[in-house]
Amino acid sequence: MDSSEKALDAMGVEHRSTIYPGLRLARRRTGIAFAFTTVHLIIFSSFILNWTGFGAALSRPVGVGPMTGSLLLFITLILTLVFLEVLFLLASHKGRGT
């Protein structure tokens, strides 16, 4: 119970989460989705480094092979975002209780 629920309870007012039991679950899911989207955008925006001075090292080859740092960054971003999507889907599925 958060502070607003305690204040309403002290005044004898029934809180929305008791009137609408699914409201708490919807807020939790929305919070998880917002957090996922925020992390996703921050990670994906790191690809902008390819066009800035900070990412100059990405244009050089990695090791002795033909793969550049930019390509390695792109592959890493895709794999990381797929992994995060799987985690989000598992958390979402677990939250439904099924």
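A residue counts as buried when its relative accessible area is under 20%, as exposed when that area is over 50%, and as partly exposed in between (1.4 Å probe, protein chains only). Of the 98 residues in this protein, 13% count as buried.

Before going further, a word on the model. This is a predicted model, in which local features need pLDDT of at least 70 and side-chain atom pairs count only at pLDDT 80 or more, while totals for chains, interfaces and linings use all residues. Residues are numbered from 1 along each chain as its sequence is written, and side-chain values use heavy atoms, with hydrogens and water left out.

## The overall picture

Helices (H or I, at least four residues) and strands (E, at least two) are DSSP runs, numbered from the N terminus. The protein has 4 helices and 0 strands, giving the pattern α-α-α-α along the sequence.

The mean pLDDT of the protein is 80, with 77% of its residues at 70 or more. Among the elements, helix 2 (residues 16-19) has the lowest mean pLDDT (60), and helix 4 has the highest (87).

Accessible areas come from the Shrake-Rupley method with a 1.4 Å probe, and for residues only the protein chains shown count as cover. The accessible surface of the protein comes to about 7,500 Å², and 72% of this belongs to carbon and sulfur atoms. A contact means heavy atoms within 4.5 Å. Among contacts between residues at least 6 apart in sequence, 43% join residues at least 24 apart.

## Meeting the aromatic rings

Rings of Phe, Tyr and Trp (its six-membered ring) pair if their centres lie within 6.5 Å; planes under 30 degrees apart count as stacked, over 60 as edge-to-face and the rest as tilted. By this rule the count comes to 3 aromatic pairs. Phe47 and Trp51 make an edge-to-face pair, because their ring centres are 5.5 Å apart and their planes stand at 75°. The rings of Phe47 and Phe74 also have centres 5.5 Å apart, but their planes are at 55°, so this pair is tilted. Together, Phe47, Trp51 and Phe74 form one aromatic cluster.

## The loop between helix 3 and helix 4

Asn50 has its place in this loop. Its side chain is joined to that of Ser70 by a polar contact of 2.8 Å. (A polar contact is a pair of N or O atoms within 3.5 Å; within protein, one must be able to donate a hydrogen and the other to accept it, and residues adjacent in sequence count only if both atoms are side-chain atoms.) Not counting residues up to four places away in sequence, Asn50 touches Leu58, Ser70 and Leu73.

Met67 is found in the loop between helix 3 and helix 4 too. Leaving aside neighbours within four places in sequence, Met67 is in contact with Pro61, Val62, Leu72 and Ile75.

## Some partly exposed residues

| Residue | Relative accessibility |
|---|---|
| Met67 | 33% |
| Phe74 | 37% |
| Leu87 | 40% |
| Leu89 | 48% |

Leu87 lies in helix 4. Which distance separates Leu87 and Phe36, C-alpha to C-alpha? They are 9.5 Å apart in space, although 51 residues apart in sequence. Leu89 is found in helix 4 as well. Between the C-alpha atoms of Leu89 and Ala33, which are 56 residues apart along the chain, the separation is 9.9 Å.

Conventions. pLDDT is the predictor's confidence in each residue, from 0 to 100.
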